[in-house]
Amino acid sequence: MLRALIYILPLALTIFAFIDCLNTPEDEAKHLPKIAWVFIILLFWIVGPIVWLAAGKVRHAPAGGAPSEWARGRRSTWVAPDDNPDFLNSLKDGDKKDGDKKDAGRTAGSTQDTDRADAEARLAEREADLRRREEELKRRESGSGPEDPTPPAA
């Protein structure tokens, strides 16, 4: 059992240091580039991992015991829009702009009414044209269509 421990312990230490080195951001690797640390860990089987763990990485001590999930991830982005003050301010600005548009709409109500009336008139014309075309199609299918005296409108 002791013989197996002699091989398993350095192997476990090497694997741990290798994974720790790969997960470390490039700017937190001290003294050498990260790729150099990877080669040192893999080539110098026992010494490489120990040197990496001792001097290869910037270590941050947790402030109040074990680091929280938030501190481990070092998340610098906002989790939800409700937590982001910039997003909340943009919503407030949007509400102000919508209020200004409503006030401007009240003063320009007559132009909106004429635009709405024009749109309704165009819609009524299109519906009438559609009904006329449907009736013409029904007449053609029933056999009385070619004798129709009114030509289709373009």
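The structure holds one aromatic pair. The criterion: rings of Phe, Tyr and Trp (its six-membered ring) pair if their centres lie within 6.5 Å. This is a predicted model, where local features need pLDDT of at least 70, side-chain atom pairs count only at pLDDT 80 or more, and totals for chains, interfaces and linings use all residues. Numbering starts from 1 along each chain as its sequence is written, and side-chain values use heavy atoms, with hydrogens and water left out.

So, the pair. Trp-37 and Trp-52 sit edge-to-face, 5.4 Å centre to centre, with 65° between the planes. Planes under 30 degrees apart count as stacked, over 60 as edge-to-face, the rest as tilted. Trp-37 lies in helix H2 and Trp-52 in helix H3 (residues 47-56), so the pair ties together parts 15 residues apart in sequence. Helices here are DSSP runs (H or I, at least four residues), numbered from the N terminus.

Buried or exposed, Trp-37? Buried, at a relative accessible area of 3%. Trp-52 is buried too, at 0%. Buried means under 20% relative accessible area (1.4 Å probe, protein chains only).

H1 (residues 2-23) and H2 (residues 34-43) pack at about 175°, axes 10 Å apart. Axes are lines fitted to C-alpha atoms over the stretch in contact, and angles run from 0 to 180 degrees between N-to-C directions. H1 and H2 are therefore roughly antiparallel, the label for angles over 145 degrees. Contact means heavy atoms within 4.5 Å. H1 contributes Thr-14, Ala-17, Phe-18, Cys-21 and Leu-22; H2 contributes Lys-34, Trp-37, Val-38, Ile-41 and Leu-42.

Overall, the protein has six helices and zero strands.

Notes:
Helix = DSSP H or I, 4+ residues; strand = E, 2+ residues; numbered from the N terminus. Parallel < 35°, antiparallel > 145°, perpendicular 65-115°, else oblique. Buried < 20%, exposed > 50% of the residue type's maximum accessible area, 1.4 Å probe, protein only.
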